[in-house]
Amino acid sequence: MTEPEPHAPAQLSEALHRRLERIERLLEPAEPEEPQRPAWRSVTLGEQRWAVSVAILVAVGLQLALPTRLTIHPHWMLPTLELALLVALVVLNPHKRIDQTSRLLRLLSLALVAVISLANGWSAVKLVRDLIHTAASPGALALLGTGGAVWATNIIAFSLWYWEWDRGGPAARAQGVRSYPDFLFPQMQQEGIAEPGWEPSYPDYLYVAFTNACAFSPTDTMPLSVWAKLLMMTQSAVSLITVVLVVARAVGILQ
């Protein structure tokens, strides 16, 4: 019978020692991984201003097209103020992208949205008041056109509020300064359905406002903060009242 080599016990001892070290490493608690930085905290290019500028010009045009009885007098005052504020924002930040932050720019932006909301809110109240208290009404087509203008301007106004307040506004979103979003878009919930570093732009907020006005509730984008929920609730209420009263009166006229 062949005798074992003299160095065999040493090899077995070394192999056993290596195996024990491997088991000890497996049993050691894993070091906690650093939390992954969310995409909305990344610094990105500022949003281009053309889309929001077009929406503001459309809102101004709709306000000018309303009957004089539904607007604050003089009829041209608030639309002119809105255009002046838009021009001031462009002059103070002449770049194609909205990437500068300052207290003055922030105040002017919020003032512009507030004026649009004030003008449309006044028109909505006057329209509802006329529908309730006035027996004589214009034709069904004229009534639907007026109600549609107020409804569309309401969508633009609230889309601007969403756009301005979500994570501090467009410039703050580009710098990624806020820790938590106010709106949860589908692209922020699942990887692989959008480009890396995706963030919402004004058309996304316009879509949120439009679907909220049509469905009277959130659809695919969920409000997270209290102010976002209150704004969406207010928009749904205004849209519901306007649509129900205008359509009901128009149907009554046609009958």
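1. Salt bridges. The structure holds 3 salt bridges, each defined as a side-chain nitrogen of Lys or Arg within 4 Å of a carboxyl oxygen of Asp or Glu. Side chains of opposite charge can pair when their charged atoms come close.

2. Basis. This is a predicted model, in which local features need pLDDT of at least 70, side-chain atom pairs count only at pLDDT 80 or more, and totals for chains, interfaces and linings use all residues. Residues are numbered from 1 along each chain as its sequence is written, and side-chain values use heavy atoms, with hydrogens and water left out.

3. Arg173 and Glu47. These side chains meet in a salt bridge at 3.9 Å, N to O. The pair links distant parts of the chain. Arg173 counts as buried at 1% relative accessibility. Glu47 is buried too, with a relative accessible area of 12%. Here buried means under 20% relative accessible area, exposed over 50%, and partly exposed in between (1.4 Å probe, protein chains only).

4. Arg69 and Asp130. Their side chains form a salt bridge at 3.3 Å, N to O. Arg69 sits in the loop between α2 (50-65) and α3, and Asp130 in helix α4 (residues 103-133), so the bridge ties together parts 61 residues apart in sequence. Arg69 is partly exposed, at 42% relative accessibility. Asp130 is buried, with a relative accessible area of 18%.

5. Arg106 and Glu164. This salt bridge spans 2.8 Å, N to O. It joins helix α4, which holds Arg106, to helix α5, which holds Glu164; the two residues are 58 residues apart. Arg106 counts as partly exposed at 23% relative accessibility. Glu164 is buried, its relative accessible area being 5%.

6. Helix pair α5 and α7. Two packed helices are described by the angle between their axes and the distance between the axes. The axes of α5 (residues 140-165) and α7 (residues 202-215) come within 8 Å and cross at roughly 130 degrees. That makes α5 oblique to α7. Axes are lines fitted to C-alpha atoms, for helices over the stretch in contact, with angles from 0 to 180 degrees between N-to-C directions. Angles under 35 degrees count as roughly parallel, over 145 as roughly antiparallel, 65 to 115 as roughly perpendicular and the rest as oblique.

7. The α5-α7 contact. Contact means heavy atoms within 4.5 Å. Residues of α5 that make the contact include Trp151, Ile155, Phe158 and Trp163. From α7, Tyr202, Tyr205, Phe210 and Cys214 are among them. The contact residues divide into 15 nonpolar, 2 polar and no charged. Ala, Val, Leu, Ile, Met, Phe, Trp, Tyr, Cys and Pro count as nonpolar, Asp, Glu, Lys and Arg as charged, and the others, Gly among them, as polar.

8. Asn93. Asn93 lies in the loop between α3 (77-92) and β2 (97-98). Asn93 is buried, with a relative accessible area of 3%. Leaving aside neighbours within four places in sequence, Asn93 is in contact with Arg49, Ile98, Asp99, Gln100 and Leu105.

9. Overall layout. The chain has 8 helices and 4 strands. Helices (H or I, at least four residues) and strands (E, at least two) are DSSP runs, numbered from the N terminus. Of the 255 residues, 37% count as buried. Among contacts with a separation of 6 or more, 75% come from residues 24 or more positions apart.
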